[in-house]
Amino acid sequence: MHGGFHPKSSTLRLYTIHKEGGRGLVSVRATIQDETSKYHKYIKDKAPTDDSDSGEQRMRAGLKDSTEALILAAQEQALSTKAIEAQIYQTRQDPRSGELSLSQKQPAPAGERESFCSKHPEQRPLFCLDECRSMCPACEFSLHYRHKVVTVDSAVTELKEQLRSKLQPLTQRKEQASNLLRQYEEINLYAQTQVEVCERQVKEQFERLHRFLQQEEESVLRALREEQSRQAHTIEPQLQKIREELSTLEENIQTVEEQLQRQSMDFIREYRHTHKQTLLPQPGLKPGPGLLINQAKVLGNMAFKAWDKMRAVVHYSPVILDPNTAASFLYVSEDLRGVRMGDIEQQVPDNPERFTYYPIVLGSEGFSSGSHQWDVEVGDHSDWCIGLVTESFERKRRIEAVPENGIWYLELDCGKYIALTVNNELNLKRNPQKIRVKLDYDKGKLYFYDTEDMSLIYSHTERFTEKMFPFLDAYVSQDAKTKGIKICSTKY
């Protein structure tokens, strides 16, 4: 049709018949009107349902085969729609006449049911499951084309089923939350116990330090009193000499003055004797050394000397154990340096840091660079394991103890010394009592030494990529005198 007419020509010519100079097209409206009139004629003549007469009836009404097919499809759709409508409104209908009648089940009185639509209070509301809301069948039914629309009772049943399906996971989550709350309460209660233990140890340690400092104070004051006594013993004899000399001088002066009062022959007679007695040469008087208090001796480096002596009672540990990582059967010493296997499992919270399968306790600080070393006293303990693990090492379940899983160790098990893997058994000339563990993180070197002669027990080279934590692992010591293993302290 493009270009068939001048742009300014009238479009009415499209629908004008050929005899009048038009294109002779039939409009959609005219087509619908024509088909509608034929449909009314077909219905009016009441086409029989017998297939043998349908062709003749169709010829009489002037219908095409395609038109009849559309009519039959429309009839089937109408009957289906009527049936659905009857289920919704609970009405009876005559499929051929299309008349609706109320069923025996009458709607509840107006006072007993809630009116949904103010315009159609007599209509019972429906529910659209797609939009999850109620709707008026008279006002909004056409707006919910292809939506799943059901009665309110059916919607309530279906939605309740949906909620019931969500009830089980909610119940499970509630149970998980309850368990988590109980776990947090246990952790909080255990933390209060930790506070009491720490407070008691703080008081004990500072009380020991206070007692030591008090003893040092008394020692310094005693030294001061001794210095005072020395000074008194030094100056007192000299003072006595000075007093005696002063008394003699006073007597001589008095004798000379009396001699000066004599006349003539009396003066001459006594002069020689007086001259010998009073004018004899006297030793010179001057202060001697050591007459003052030696403050330098009493106060010099007083605090440093006290601190230097304190090192005998205060020890430095290169590794401090973290009790929060210890398995429940491991008992960590109060100074956080030793560990032993107990007979009774402790009631401790299952916090994320704690080991629950392996009897392991970690050091409180990890290493990600530099060189570090510490000594472990194992004594004659018969079953132990020492070394390092990565921060991500599995703590809650059993895994193979190999370097690929983040653990490097030296172990004594059933009299056999094992390094890194169960198949790597070592032959040692003697049983080491104290073992030095040395880590050079940057170079990827790990060493185990016997501290008695610093002989190398085992060495390993690895490229470390995670933070490394020292660990101690102790089992039951059987008949050994050493019941546990511990980190050795060093002088700071």
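Trainee: Which residue forms a salt bridge with E216, and how far apart are the closest N and O atoms?
Mentor: E216 pairs with K309, and their closest N and O atoms are 3.6 Å apart. Keep in mind that we're looking at a predicted model.

Trainee: Okay, and where do E216 and K309 sit in the chain?
Mentor: E216 belongs to helix 5 and K309 to helix 8, which covers residues 302-310.

Trainee: Is E216 buried or exposed?
Mentor: E216 counts as buried, at 13% relative accessibility. K309, on the other hand, is partly exposed, with a relative accessible area of 43%.

Trainee: Why would side chains like that pair at all?
Mentor: Side chains of opposite charge can pair when their charged atoms come close.

Trainee: How many salt bridges does the count come to?
Mentor: The count is 18. One of them joins E158 to K148, with 3.3 Å between the closest N and O atoms. Those two are 10 residues apart: E158 is in helix 5 (residues 152-260), while K148 lies in the loop between helix 4 (137-140) and strand 5 (149-151).

Trainee: How accessible is E158?
Mentor: E158 is partly exposed, at 27% relative accessible area. K148 is also partly exposed, at 43%.

Trainee: What about E227, which residue does it form a salt bridge with?
Mentor: That would be R230, with the closest N and O atoms 2.6 Å apart. Both are in helix 5, and because they are 3 residues apart there, about one helical turn separates E227 from R230. E227 is buried at 5% relative accessibility, and R230 is partly exposed at 32%.

Trainee: Switching topic. How many helices and strands does the chain have?
Mentor: It has 8 helices and 18 strands. The chain runs to 492 residues, and 25% of them are buried.

Trainee: And what share of the contacts comes from residues 24 or more positions apart?
Mentor: They account for 58% of the contacts with a separation of 6 or more.

Trainee: What joins strand 13 to strand 12?
Mentor: 2 bridges do, with strand 12 covering residues 416-419 and the two strands running antiparallel. Y417 has L426 in strand 13 as its bridge partner.

Trainee: And strand 17, how many of its residues are buried?
Mentor: 7 of the 7, residues 468-474, so strand 17 is largely enclosed by the rest of the structure.

Trainee: Which residues are on each side of strand 17?
Mentor: M468, P470, L472 and A474 are on one side, with F469, F471 and D473 on the other, and they're all buried. In a regular strand the side chains alternate between the two faces of the sheet.

Trainee: How many bridges does strand 17 have with strand 8?
Mentor: There are 3, in the antiparallel sense, and V361 stands opposite L472 in strand 17. Strand 17 also pairs antiparallel with strand 10 (residues 384-390), over 7 bridges. There, W384 has A474 of strand 17 as its bridge partner.

Conventions: Residues are numbered from 1 along each chain as its sequence is written. This is a predicted model: local features need pLDDT of at least 70, side-chain atom pairs count only at pLDDT 80 or more; totals for chains, interfaces and linings use all residues. Side-chain values use heavy atoms; hydrogens and water are left out. Helices (H or I, at least four residues) and strands (E, at least two) are DSSP runs, numbered from the N terminus. Buried means under 20% relative accessible area, exposed over 50%, partly exposed in between (1.4 Å probe, protein chains only). Contact means heavy atoms within 4.5 Å. Two strands pair if DSSP finds at least two bridges between them. A salt bridge is a side-chain nitrogen of Lys or Arg within 4 Å of a carboxyl oxygen of Asp or Glu.
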